[in-house]
Amino acid sequence: MSQEMLRIENLHVSVDGTPIIKGLNLTINRGEIHVIMGRNGAGKSTLANVVMGHPAYEITAGEIHFQGRPLDELAVFERARAGMFLSFQYPAVIPGVQVGTFLKKSVASVRDDPPKGRAFRKELNEAMSKLEMDKSFLSRYVNDGFSGGEKKRLEILQMLLLKPSLALLDETDSGLDIDALRIVSKGINEIAPEAGCLIITHYQRLLDHVKPHHVHAMIDGAIVKTGGPELALELEERGYDWLDTAA
Amino acid sequence: MSEEAIEAVGDYKYGFHDPENHTIRFDKGLSEQVVRDISELKNEPEWMTDIRVKAYRHFEARAMPDWGNCNLLESINFENVTYFLRSSNQTEKNWDDVPDDIKNTFDRLGIPEAEQKWLGGVTAQYESEAVYHSIREDLEEQGVIFLDMDTGLKTHPELVKKFFGTVVPHSDNKFSALNTAVWSGGSFIYVPKGISVEMPVQAYFRINAKNMGQFERTLIIADEGSTIHYVEGCTAPSYSTDSLHSAVVELVAMEGAKIRYSTVQNWSNNVYNLVTKRAVAHKNATVEWVDGNIGSKLTMKYPSVLLKGEGAHAEVISVAYAGEGQHQDAGAKVHHLAPNTTSNILSKSISKNGGRSSYRGMLQVMPKASGCRSKVVCDALILDENSRSDTYPTMEIGNSSADLEHEASVSKVSSDQLFYLMSRGFTEEAAMGLIVNGFFEPFTRELPMEYAVELNKLLELEMEGSIG
């Protein structure tokens with residue numbers, strides 16, 4: 001039987017009293033790649049943030065389970081330590097904190113048996129060369145003065161090092177050129193077999209590199225249609241208006 | 001260490017104290033006689049006694065500053081301070097000869113270890129005087145003088161007489177007058193022409209007794225084309241009663257010389273830290289103050305540079321951390337007296353748990369000083385609603401050719417930063433610690449590595465248990 005990573009049941013979420021997610025259901029098993037597509041404001045980013053535990057979002061009804069465990073028991077850092085990862089659409093800048101220091105501390109916080117010293121450096125070097133990242137990244141400050149593409153690469157680097165069992169990727173493909181898109185996809189494909197992946201995107205083009213098992217169309221806070229990779233193509237071609245009536 | 005002491009220490013890991021053993025201890029309180037007694041005990045030349053007495057009279061006549069934290073200043077009881085305490089009869093050259101209690105203290109502070117690893121010389125002052133002093137032989141052979149100030153006065157009276165009080169006159173302010181009257185200990189350094197001292201030399205100041213007054217006096221002269229890096233650290237036990245630390249530091253950088261003076265001040269929260277630090281930079285000389293204020297109850301300190309010779313440069317990097325019950329009133333002063341002089345001032349402060357930090361700065365360009373450049377940057381980070389940060393910058397620009405930049409910012413830790421870090425496995429406290437260390441990074445990267453590591457640990461400790 002497949003191993004369940006994420007189960008969302010009848011989820012309702014509000015921000016400042018305004019309902020954003022309205023009755024969403026989704027189950028992701030190990031080894032599955034799910035894609036959620038939808039217009040701006042459909043609630044896609046809210047979904048990623050609420051699963052990771054952002055304090056600004058209020059769950060008004062429904063439940064989220066990670067590996068069978070209700071998530072409301074877990075603080076944000078505990079979710080990370082349990083194996084959840086969010087690749088941010090807009091990663092925060094942490095001035096004065098070097099990427100190398102940050103990665104080392106983060107890996108030490110999250111992984112049960114973190115590599116140390118030489119073993120860590122080896123793993124780091126390997127991951128960085130996979131993502132075609134220069135070593136000079138390590139002495140820069142976290143996301144400080146990074147281009148959009150650099151930020152996304154750093155997110156994927158963290159994902160490779162933290163080895164999550166559930167990865168939420170919030171518009172990781174936005175603003176990437178074709179090379180960066182290929183590199184980022186490589187990172188996703190590397191962790192995908194052992195994890196559950198939820199990719200939030202506007203575009204079909206990422207799916208030239210990453211093969212999803214399920215594609216979901218999200219409209220007004222709920223999933224209105226689910227299909228295979230062909231649905232992504234259809235959504236890109238036809239837009240979402242044809243689904244509005246279905247919702 | 002007694003249980004009572006342990007309790008008082010709290011989170012401040014340097015708050016332990018030794019039994020108060022001493023060979024000479026003056027009664028509390030200040031008078032002209034006390035001033036004369038200190039001078040006589042030290043067997044000083046008459047000119048020094050005269051300066052002390054003059055300074056004492058000035059101190060008596062001089063009003064308290066009417067700025068800074070007036071309430072706290074007024075609450076200082078000068079009659080409840082011990083002005084001189086000798087804990088060891090001589091300054092030793094070997095740690096094994098230092099009395100056990102005192103040696104243990106410095107061991108715990110890591111001084112002998114640091115000396116072996118990366119320092120060119122060490123002075124350890126305990127209460128009023130140096131108990132240990134040593135300099136690497138190769139430096140001594142090059143003619144570098146590094147002594148405690150009392151010994152400096154004895155062995156090089158002509159040099160001391162020539163420079164003492166020339167950078168900070170006793171009449172500069174009430175506390176420079178007090179220091180000049182009762183000074184004891186501190187460092188005396190002379191670096192000969194063209195000599196570059198590669199390893200930093202360090203002075204460590206420790207107050208152990210209750211209600212102690214420590215008044216060290218430091219004079220550093222870097223002769224033409226020489227360089228020196230001086231590092232100082234300071235700690236004290238945590239007591240419920242106050243202690244007073246009031247130092248005067250004078251630096252003279254001759255033509256083409258470079259002095260860097262780094263401080264990590266970590267007094268316990270019962271110490272008033274009222275210090276006057278000033279440098280004169282002659283032609284093409286550079287003076288750098290790297291000034292960290294983490295501890296104390298009230299600090300008032302504004303490292304200054306007089307850019308006296310053409311092409312001289314001043315660099316002041318200061319950080320202040322104001323936690324519960326602390327007021328850090330710190331900053332920098334730079335006076336451009338000569339043409340084509342340049343300066344950079346970077347000040348960063350953090351206020352937390354009701355702490356208060358103030359930046360007080362002065363930038364002056366004299367009419368004859370053409371072609372000067374200066375950049376001033378002040379950043380404040382406020383960690384909660386109860387804390388406070390103020391900025392009091394003053395600029396007096398007498399020459400229109402000056403090229404000046406001034407930037408100031410006040411920020412809070414954003415919830416996006418916290419969420420981002422927590423999503424990477426950091427607890428809220430660890431996330432705060434990381435953000436705070438990052439904020440101070442422009443300062444810590446200027447410190448010797450050992451100090452930087454220690455400071456980062458210290459700040460992380462300050463962030464613990466602080467989030468409700």
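Why is strand β9 (residues 166-170) of chain A largely enclosed by the rest of the structure? Five of its five residues are buried, so the rest of the structure largely encloses β9(A). Here, buried means that 20 or more other C-beta atoms, placed from the backbone, lie within 10 Å of the residue's own.

This is a predicted model, in which local features need pLDDT of at least 70 and side-chain atom pairs count only at pLDDT 80 or more, while totals for chains, interfaces and linings use all residues. Residues are numbered from 1 along each chain as its sequence is written, with chains lettered from A and ligands numbered from 1 in the order in which they are written.

- Strands are DSSP runs of E with at least two residues, and helices are runs of H or I with at least four, numbered from the N terminus.
- From β9(A), A:Leu166, A:Leu168 and A:Asp170 point one way, while A:Ala167 and A:Leu169 point the other way.
- Strand β6 (residues 84-87) of chain A runs parallel to β9(A), joined by four bridges; A:Met84 has A:Leu166 as its bridge partner.
- Five bridges link β9(A) to the parallel strand β10 (residues 196-201) of chain A, where A:Ile200 stands opposite A:Asp170.

**Where chains A and B touch**

- In chain A, 19 residues are in contact with 18 residues of chain B, contact meaning C-beta atoms, placed from the backbone, within 7 Å.
- On the chain A side, α2 (76-82), β7 (94-98) and α3 (99-110) are the elements that give two or more residues.

How values were computed
Buried ≥ 20, exposed ≤ 12 C-beta atoms within 10 Å, placed from the backbone. Pairing = 2+ DSSP bridges. Contact = placed C-beta atoms within 7 Å.
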